[in-house]
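Reader: I want to learn to read a model like this. Please take me through it one feature at a time.

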Amino acid sequence: GYLGSIACEHLLAAGYEVTALDNLMYGAGQGVYHLCAHPQFDFVRADVRDEAAMRKALKSADAVLHLAAVVGASACDRDPTAARTINFDAVKLLNKLRSPQQTVIYPN
């Protein structure tokens, strides 16, 4: 998404290695296309509710900036199942899979 792509740009500019995990449910990833050629950027097309994909992505992560969400009351009302599974269950999954040494940032 928009915030994730901006965060990726700033993290890469600061010298961090960045892996972005996104299912592209809101589009074809135009926000991150320009980053794909960067040697310190890796893109994983996956869903935050996919345990195997999350486990694999978390293996090499020192920190996680969790931005996956269904945003806004109207969007949540349109698809309450997605809202619950993405906004709540995926966070529970992340906390189950991450190690105690991995920092998780939940912007709000």
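Author: Start with how helices get their names. A helix here is a DSSP run of H or I with at least four residues, and helices are numbered from the N terminus. Keep in mind that this model is predicted.

Reader: Take α1, then. What should its 12 residues span?

Author: Count 1.5 Å a residue. Helix α1 covers residues 2–13 and should span 16 Å. Its end C-alpha atoms are 17 Å apart, which agrees.

Reader: What follows α1?

Author: Gly15 follows α1. Its phi is positive, near 95°.

Reader: Which residues of α1 are buried?

Author: Use the cut-off first: buried means under 20% relative accessible area, and exposed means over 50%. In α1, Gly4, Ser5, Ala7, Cys8 and Leu12 are buried. Look down the axis of α1: these buried residues fall within an arc of 160°, so they line one face of the helix. Tyr2, Leu3, His10 and Ala13 are exposed on the other side of α1.

Reader: Now α3. Which of its residues are buried?

Author: Ala53, Met54 and Leu58 are buried in α3. Down the axis of α3, the buried residues fall within an arc of 125°, so they too line one face of the helix. Ala52 and Lys56 are exposed on the other side of α3.

Reader: What do the buried residues of α3 pack against?

Author: They pack against β1 (18–22), β3 (63–65) and α5 (80–97).

Reader: And what happens at the start of α3?

Author: Look at Asp50. One of its side-chain oxygens reaches to within 3.1 Å of the backbone nitrogen of Ala52.

Reader: On to charges. How many salt bridges does a search of the whole structure find?

Author: The idea comes first. Side chains of opposite charge can pair when their charged atoms come close. The search finds four salt bridges.

Reader: Which side chain does Asp47 meet in a salt bridge?

Author: Asp47 meets Arg49, at 2.8 Å from N to O. Asp47 is in the loop between β2 (41–45) and α3 (51–58).

Reader: Is Asp47 buried or exposed?

Author: Asp47 has 18% relative accessibility, so it counts as buried. Arg49 counts as partly exposed, at 37%. Setting aside residues up to four places away in sequence, Asp47 touches Leu21, Asn23 and Met54.

Reader: Where does Lys96 find its partner?

Author: Its side chain meets that of Glu51 in a salt bridge, 3.3 Å from N to O. Lys96 lies in helix α5 and Glu51 in helix α3, so the pair ties together parts that are 45 residues apart in sequence. Lys96 is exposed, with a relative accessible area of 56%. Glu51 is partly exposed, at 30%. Glu51, Arg55 and Lys96 are linked in a network of salt bridges.

Reader: Which side chain does Arg84 meet?

Author: Arg84 and Asp89 meet in a salt bridge of 3.7 Å, N to O. Both ends get a label. Asp89 is partly exposed, with a relative accessible area of 26%. Arg84 counts as partly exposed, at 44%.

Reader: One last residue. Where does Ala73 lie?

Author: Ala73 lies in helix α4, residues 73–78. Ala73 is exposed, with a relative accessible area of 57%. Now compare chain and space. Ala73 and Val48 are 25 residues apart along the chain, and their C-alpha atoms are separated by 20 Å.

Notes:
Residues are numbered from 1 along each chain as its sequence is written. This is a predicted model: local features need pLDDT of at least 70, side-chain atom pairs count only at pLDDT 80 or more; totals for chains, interfaces and linings use all residues. Side-chain values use heavy atoms; hydrogens and water are left out. Helices (H or I, at least four residues) and strands (E, at least two) are DSSP runs, numbered from the N terminus. The expected span of a helix is 1.5 Å times one less than its number of residues. Buried means under 20% relative accessible area, exposed over 50%, partly exposed in between (1.4 Å probe, protein chains only). The arc is that of the directions from the helix axis to the C-beta atoms. Contact means heavy atoms within 4.5 Å. A polar contact is a pair of N or O atoms within 3.5 Å; within protein, one must be able to donate a hydrogen and the other to accept it, and residues adjacent in sequence count only if both atoms are side-chain atoms.
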